[in-house]
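Hi,

Here is the structure I promised to send over. Have a look, and then read on for what turned up.

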Amino acid sequence: LLGRDLARKDRNGASDPFVRLRYNGKVQESTVVKKSCYPRWNETFEFELAEPAGEKLCVEVWDWDLVGRNDFLGKVVVSIRGLEAAGQEEGWFRLWPDKSKPREDEHQGSLGSLQLQVRLRDETVLPSHCYRPLVELLCQEVKSGRQDGQVHLVTLLDETTTAECRQEVAVNLVRLFLGQGLVKEFLDLLFELELAKPCEPNTLFRSNSLASKSMESFLKVTGMPYLHAVLGPTITRVFEEKKYVELDPGKVEIKDVGCSGLHRVQTEGEVIEQGRQHLQSYLGELLDAIVKSVPACPPVIRAAFRQLFRRVGERFPQHQHAKFVAVTSFLCLRFFSPAVMTPKLFHLRETHADARTGRTLLLLAKAVQMVGNMEPAAGRAKEAWLAPLLPAVQQGITQMKDFIARLVGTEEEEEEECEGRLLGPPAVVVKEGPLFIHKTRGKGPLLATAAKKLHFCLTGEALSFGKSPGAERSGTIALADILAAEKVEEKSFGSSHVMQVVYVGADGRQETAYLQCKCVNELNQWLSALRKVCVNNPRVLRAYHPGIFRGDRWSCCHQRERTGLGCDRTRQGVTLQDWNDPLDPAAEAQRLFHHLQGLQGTLREKYWELLELEGTQNGPRGEGEFGVVSLPLPPLAGAPLPEVLSRLFRVLGDLEGCHRLAQPPAPPPPALLQLQT
């Protein structure tokens with residue numbers, strides 16, 4: 001998203017442009033680019049396609065003003081019907097005036113233009129069981145880990161994914177493995193593969209590799225509530241106080257100070273010193289909040305950083321400083337600092353900052369980056385005017401090291417910190433709503449009721465149910481008796497929104513209640529709520545059956561023993577505390593399928609290339625005139641593909657066939673009249 005030759009609306013001969021997109025009653029906005037008629041936003045926006053596709057996408061450009069109304073600069077209107085036919089529109093589009101509001105601009109020539117790339121993404125999602133082979137393959141590859149002398153599928157994916165797609169693929173993978181309870185293993189595999197490459201300790205994870213993008217996406221998906229709790233108070237203070245903060249002598253504005261009749265002009269040094277005090281106050285408050293946030297950091301994030309810290313320490317035993325920098329390169333440089341700079345993009349504020357507040361936030365973000373770099377001299381070398389802030393930065397580095405040491409502490413230390421912390425008062429309602437009951441063989445309180453639909457209420461003490469919200473409770477299951485809350489296979493009841501609550505009945509026997517939710521988001525919310533309130537239950541199961549016991553066997557594994565050990569592990573630790581958006585595993589798998597489908601030829605070529613490189617580095621060696629040398633390997637042409645790639649291509653082919661079957665038949669082609677001349 002770029003702009004060119006936009007109208008100049010401000011006294012400085014430029015504008016402060018931002019983009020507002022309107023489609024189907026929904027509005028999204030870009031960030032504001034200050035003092036530019038050639039802005040570069042480089043942002044991506046998504047809208048769900050309306051049916052029918054008669055609505056148009058309107059892309060408006062506005063000049064942001066601190067005082068008064070924003071000025072309209074022009075707009076581009078994109079026809080969705082035309083986009084459906086073309087699939088994608090890309091290029092420079094001329095800005096047009098708003099005809100409903102005649103302006104003088106219409107008679108002043110061109111309003112400039114926007115460079116846009118607008119495309120439709122096919123989101124036809126098949127039933128979840130269709131994606132099971134793909135998900136199982138990816139999970140198996142993550143569990144198998146890295147093996148010397150072999151090219152890992154994740155490495156192939158990293159090498160063949162373009163920079164433009166890498167962020168989206170990383171988000172899809174993170175969400176998919178979050179839903180499978182394997183996100184820690186996935187990230188650890190990425191760390192291991194990245195550290196196996198030639199690298200320097202001072203430039204670790206600074207590139208936009210799949211490992212860097214996945215960890216960045218993981219923090220955004222799982223850590224937004226944590227981010228808001230840590231940064232929120234300081235960001236709010238900056239917005240409310242609107243202090244003038246400037247350290248760059250080339251940008252200092254000299255102003256009058258004093259009361260009426262006793263005005264004097266502040267010196268440049270006084271303005272900079274005042275700005276330093278304000279900025280140091282904000283930075284100190286922010287660092288204090290970070291240091292105190294260890295117990296509040298989600299366990300899954302702490303586990304990921306613990307793995308990263310250990311991997312880097314093992315890779316660079318002579319550079320113990322590197323493992324601290326590896327953590328801050330993600331936490332400070334890719335998470336905290338961007339959120340400070342543009343809080344609206346991280347949902348910390350509803351509107352963009354004005355010019356003064358924006359400058360303060362930018363300087364504060366630079367200070368956080370300097371702390372994250374753990375080398376104050378590096379920041380001073382780039383911008384010498386930041387020197388007055390160096391003592392505060394040096395103190396911040398010491399605080400950050402102490403914070404990281406506690407953040408990546410052992411699991412036993414983490415449990416001690418969390419011990420005794422309650423989710424809330426016992427009587428507080430955690431989750432409630434109607435659920436449909438699927439009848440099966442059993443004697444529990446839920447299975448004995450004649451009702452098919454009941455209102456459930458989950459508190460810090462029990463899961464209770466009744467005919468309606470205000471009616472008397474028909475039964476109760478104590479939280480201490482709940483052993484698991486898991487999703488049920490779609491084929492069991494013909495629905496992908498069914499969960500099972502495994503619990504101990506009054507007679508001491510294990511029972512299972514099958515409850516259907518109205519949608520996948522509701523299912524995720526119930527599973528998350530149940531797992532959170534039962535987090536300290538010592539009797540939770542480690543394995544369960546994703547199917548149901550029908551006839552004389554389990555539908556999932558065909559085991560005949562009804563009380564036998566489950567065939568799949570439970571996901572007790574996977575809760576909505578771990579991500580910002582409710583997950584839809586089928587949608588994530590569909591997006592990965594769509595990406596992989598177009599890479600089959602590239603994956604095959606890259607595999608042979610990497611295997612040959614791996615063989616050159618680790619292959620047979622002999623003694624030469626100048627010592628040990630690598631001997632040439634035999635050509636790989638015609639050799640069979642590895643099992644993992646062959647299996648992947650079969651899975652992609654099967655999914656492609658499922659999509660063809662799911663599509664409605666194409667209408668017959670129109671009759672053509674042939675004319676000969």
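Which residues line the second largest cavity? Bear in mind that this is a predicted model. The lining consists of V154, T155, D158, L190, L193, E194, K197 and A211. The space in there comes to about 50 Å³, and both α3 and α5 (183-195) put at least two residues into the lining. By class, that lining has four nonpolar, one polar and three charged residues.

Around it sit L138, E141, L153, V154, L157, L173, F177, F186, L596, L603 and L648. α2 (132-144), α3 (153-160) and α4 (163-179) supply at least two lining residues each, and α3 gives the most, with three. Here the lining splits into 10 nonpolar residues, one charged and no polar.

Most residues other than glycine have a negative phi. K35, though, has a positive phi near 50°, and H347, also not a glycine, has one of about 60°. K35 is in the loop between β3 (26-29) and β4 (56-63), while H347 lies in the loop between α10 (321-341) and α11 (355-373). K35 is exposed because its relative accessible area, 62%, is over the 50% cut-off. H347, at 57% relative accessibility, counts as exposed too.

Cheers

Notes. Residues are numbered from 1 along each chain as its sequence is written. This is a predicted model: local features need pLDDT of at least 70, side-chain atom pairs count only at pLDDT 80 or more; totals for chains, interfaces and linings use all residues. Side-chain values use heavy atoms; hydrogens and water are left out. Helices (H or I, at least four residues) and strands (E, at least two) are DSSP runs, numbered from the N terminus. Buried means under 20% relative accessible area, exposed over 50%, partly exposed in between (1.4 Å probe, protein chains only). On a 1 Å grid over the protein atoms alone, a cavity is a set of points where a 1.4 Å probe fits but cannot get out, and a pocket is an open set with protein on both sides within 12 Å along at least five of seven lines; lining residues have an atom within 4 Å of a point. Ala, Val, Leu, Ile, Met, Phe, Trp, Tyr, Cys and Pro count as nonpolar, Asp, Glu, Lys and Arg as charged, and the others, Gly among them, as polar. Grid points are joined across faces, edges and corners, and a volume is the space filled by probe spheres set on the points.
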